[in-house]
Amino acid sequence: MQPERFVTCGLVLRETVTRDADKILTVLTPDRGRLSVIARGARRKGSRVAAACQLLAYSEMTLYEKGRWTMLDAADTIELFDGLRQDLTALSLAAYFAELTEAVSDGSGDVLPLLLNALYALSALKKPPQLVKPAFQFRLMALAGYEPMADGCALCGAPQPENPMLDVVHGVVHCGKCREKGGLSLPLTASGLAALRYVLYGDPRRLYSFSLPPEGLRALNHAADAYVTAQLERSFRTLDYYKSILPQEETKYE
């Protein structure tokens, strides 16, 4: 008796080479969360599923269960984000987005659309990576249950904090003069705080439709990286690689 097939769309977050010509894929789907999928023969020359088994490939997949494994039977690519594959900086940032998404989410809710929109912004719209990165980081963290409180100073209650800072440990915004023990606070700038609020509370379809002066953008990037590290208590090798290939002037906030 043939196992029952089911069809879903999926984005490859990670590909692992295994024995023979196979791959194990970590796939983010809209209806079944995150799946671990065996793609037999994916590395074989002439494989019909090879394109769909690349990192960051988005495809319609036909799958079936075999014991405790999910097996790939067929796949038709929907979007390969070719613009990413022609730009090392954008591709390395997209790989970080995939690793971060895998770390914080099982794929439920709005996570897949968020990631697809980020890849589209980098690939097709050519949005600056240094703008897309903090917007994606903060929005994803919010969806995963790590949303910072940014609607006012958490200590004095001022709706517009003076010299605003983000405490990346406690996950709150506060005035520069208001401090809490045990935290780690980084400057945002007024424009950076406005951008953070836009990212957290604005229309997700227009997530990357904002601009910041260089100082504010550097501060927002620094705060986003530190926030992810503090909240998740881990680092990401893909982020380290992305930073290593940036021009020196773009990494001064590090």
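Let me begin with the cysteines: a search of the whole structure finds zero disulfides, a disulfide being a pair of cysteine sulfur atoms within 2.5 Å. Cys153 is in no disulfide, and its nearest cysteine sulfur, that of Cys156, is 3.6 Å away. Cys153 is also buried, with a relative accessible area of 5%, where buried means under 20% relative accessible area, exposed means over 50%, and partly exposed lies in between, with a 1.4 Å probe and protein chains only. For Cys9, the closest cysteine sulfur is that of Cys53, and because the two sulfurs are 15 Å apart, they are too far from each other for a bond.

Before I go on, a word on the model. It is a predicted one, in which local features need pLDDT of at least 70 and side-chain atom pairs count only at pLDDT 80 or more, while totals for chains, interfaces and linings use all residues. Residues are numbered from 1 along each chain as its sequence is written, and side-chain values use heavy atoms, with hydrogens and water left out.

Now to the charged residues. Side chains of opposite charge can pair when their charged atoms come close. How many salt bridges does a search of the whole structure find? It finds seven, a salt bridge being a side-chain nitrogen of Lys or Arg within 4 Å of a carboxyl oxygen of Asp or Glu.

One of them links Arg5 with Asp73, with 3.3 Å between the closest N and O atoms. Arg5 lies in strand S1 (residues 5-17) and Asp73 in strand S5 (residues 69-79), so this pair ties together parts that are 68 residues apart in sequence; strands here are DSSP runs of E with at least two residues, helices are runs of H or I with at least four, and both are numbered from the N terminus. Arg5 is partly exposed at 32% relative accessibility, and Asp73 is partly exposed at 35%.

Another salt bridge joins Lys23 to Glu15, the closest N and O atoms being 2.4 Å apart. Is Lys23 buried or exposed? At 11% relative accessibility, Lys23 counts as buried, whereas Glu15, at 33%, counts as partly exposed. Lys23 sits in strand S2 (residues 23-28), and, if we leave aside its neighbours within four places in sequence, its contacts include Glu15, Val37, Ala42 and Cys53, contact meaning heavy atoms within 4.5 Å.

Let me turn to the helices. Lys243 forms a salt bridge with Asp225, and their closest N and O atoms are 3.1 Å apart. Because Lys243 lies in helix H7 (residues 237-244) and Asp225 in helix H6 (residues 214-232), the pair ties together parts that are 18 residues apart in sequence. Salt bridges that share partners join Lys133, Asp225 and Lys243 into one network, and Asp225 itself is buried, at 6% relative accessibility.

Finally, which residues of H7 are buried? They are Thr238, Leu239, Tyr242 and Lys243. Seen down the axis of H7, these buried residues fall within an arc of 135°, so they line one face of the helix; the arc is that of the directions from the helix axis to the C-beta atoms. The buried residues of H7 pack against helix H2 (88-104), helix H4 (129-143) and H6, while the face turned away from the buried side carries the exposed residues Arg237 and Ser244.
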